[in-house]
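Reader: I am new to this structure. Please take me through one part closely, then follow the links from there.

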Amino acid sequence: MKILAIETSCDDTAISIVEVRGSLKKPIFKVLAHNISSQIKIHQEWGGVVPSLAKREHGRNLVPILIKSLEEAGLKISASPKSDLATRDTTSSSRSRNLEKKLAKILEREPELKEQFLKIIPTLKIPKIDAIAVTKGPGLEPALWVGINFAKALALVWDKPLYPVNHLEGHILASLATTSKKKENKIKFPIISLIVSGGHTELVLSKDWLKYKIIGRTRDDAVGEAFDKVARILDLPYPGGPEISKLASTFSPTTLKGAQGSSAGVKLPRPMLHSGDFDFSFSGLKTAVLYLVQNLKKEGKFNDQIKTEIAYDFQNAAIEVLVAKTLTASKKFKAQTIIAGGGVIANTALREALTKMTSDNGFKLLIPELSYSTDNATMIALAVGLRLLAGKSKKSHTFKAEGNLNLK
Ligand code: KG4
Ligand code: ZN
């Protein structure tokens, strides 16, 4: 079966088409299209994501990305010029009027999307897909709604079942996009998943497919949020994660010693490292950076060299806590597999630290390729694909966006 998935929870407009085969024991996924349009440039000048701008951009981008994705998957076929919106039933005009009314209602709050939708979608034959999946939450509600309304409109016009998806479940399953291609794709339970994104930092225990129990989470800022805020303190552009990562990679304590004298010896706190539970806290770490930078600036000692050292130690502090807690959780719950997911897993140093920890301790690690680490729609398709294989999918054409949706 082929699943068309839509993801608009934050500042990426993403559409994927994934073919799902096999069984729950041995799921096989083939990514037929994987498109992401980033809005970073638009939000950069505001120093963070502006929800109203994100909504507008999703509205502009969705139809062109859909067309591109259908083309990539070989599923775009033009309709005959006569066909109208009710391409599946051109004989009944009252049915067609009814459909148009429903469509107008679904798209009433998305003016730019509506215009493009009414112009372009009727020019297409209904593509050979079996289901539509869309992110329901968590995320920015105005952004989520555009994707949801688009998905509802497509599901109506094309007469396809629609499945709402939890974005965090998507991040957990993202690594399966590639591992399922490999022969040794049998996943052993229990799984401990580490989700590290701009909005979440969670450790999740799964004793079986599609079963999630949150065993630890951040008590304040998410780790990606901390990267972004620390970047701002260090005068680096948004989003800060990749910027800190780039800067930190240029720091080398040994070369620094040789070339420029000893480093400043920055040592930031490792918050909650020994708290005895699986919770995290990153807001104190961010504040420690803030005070340090304020003091250095007052003393006229804030320069590029120390900025690099702060980026390096901040990144190390965050990684140390994330990896240590993932290890203790995995030992406690006798995990067979560790899964990592979410935008921060694009961080090279974190990937390396997790790889080392899991190989030192005999855990199998599943980590998504870079293009499946940050927000994307392939992971949303995978979540529905697995649920369909498990016979546990729940379609709905009436659900709402949920900004604070929890993982269940
Ligand atoms: O999963 P994601 O794309 O969106 C959310 O669901 O939040 O994650 C975005 C977060 C941002 O905070 C961004 O700064 C962070 O992931 N990020 C990184 C890196 N690439 C993205 N953090 C650290 N190092 C990176 N290379
Ligand atoms: Zn995300």
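Author: Lys25 sits in the loop between β2 (12-22) and β3 (27-38). Strands here are DSSP runs of E with at least two residues, helices are runs of H or I with at least four, and both are numbered from the N terminus. This is a predicted model, where local features need pLDDT of at least 70, side-chain atom pairs count only at pLDDT 80 or more, and totals for chains, interfaces and linings use all residues. Residues are numbered from 1 along each chain as its sequence is written, chains are lettered from A and ligands numbered from 1 in the order written, and side-chain values use heavy atoms, without hydrogens or water.

Lys25 counts as exposed, because its relative accessibility is 66%. The cut-offs are these: buried is under 20% relative accessible area, exposed is over 50%, and partly exposed is in between (1.4 Å probe, protein chains only).

Next, the chain's later part. Gly391 lies in the segment after α14. Gly391 is exposed, at 65% relative accessible area.

Now α14 itself. Arg387 and Glu169 meet through their side chains in a salt bridge (3.1 Å, N to O). The term means a side-chain nitrogen of Lys or Arg within 4 Å of a carboxyl oxygen of Asp or Glu. Glu169 lies in helix α6 and Arg387 in helix α14, so the pair ties together parts 218 residues apart in sequence. Glu169 is buried, at 4%. Arg387 is partly exposed, at 22%.

His167 (NE2), His171 (NE2) and Asp375 (OD) coordinate the zinc ion (ligand 2) at 2.0 to 2.1 Å. His167 lies in α6 (residues 167-173) and Asp375 in the loop between β10 (364-366) and α14 (378-390), so this pair ties together parts 208 residues apart in sequence. Donors are N, O and S atoms within 2.8 Å of the metal (3.2 Å for Na, K and Ca); water is not among the atoms, so sites may look incomplete. The donor spacing reads H-x3-H-x203-D. His167 is buried, at 6% relative accessibility. Asp375 is buried too, at 14%.
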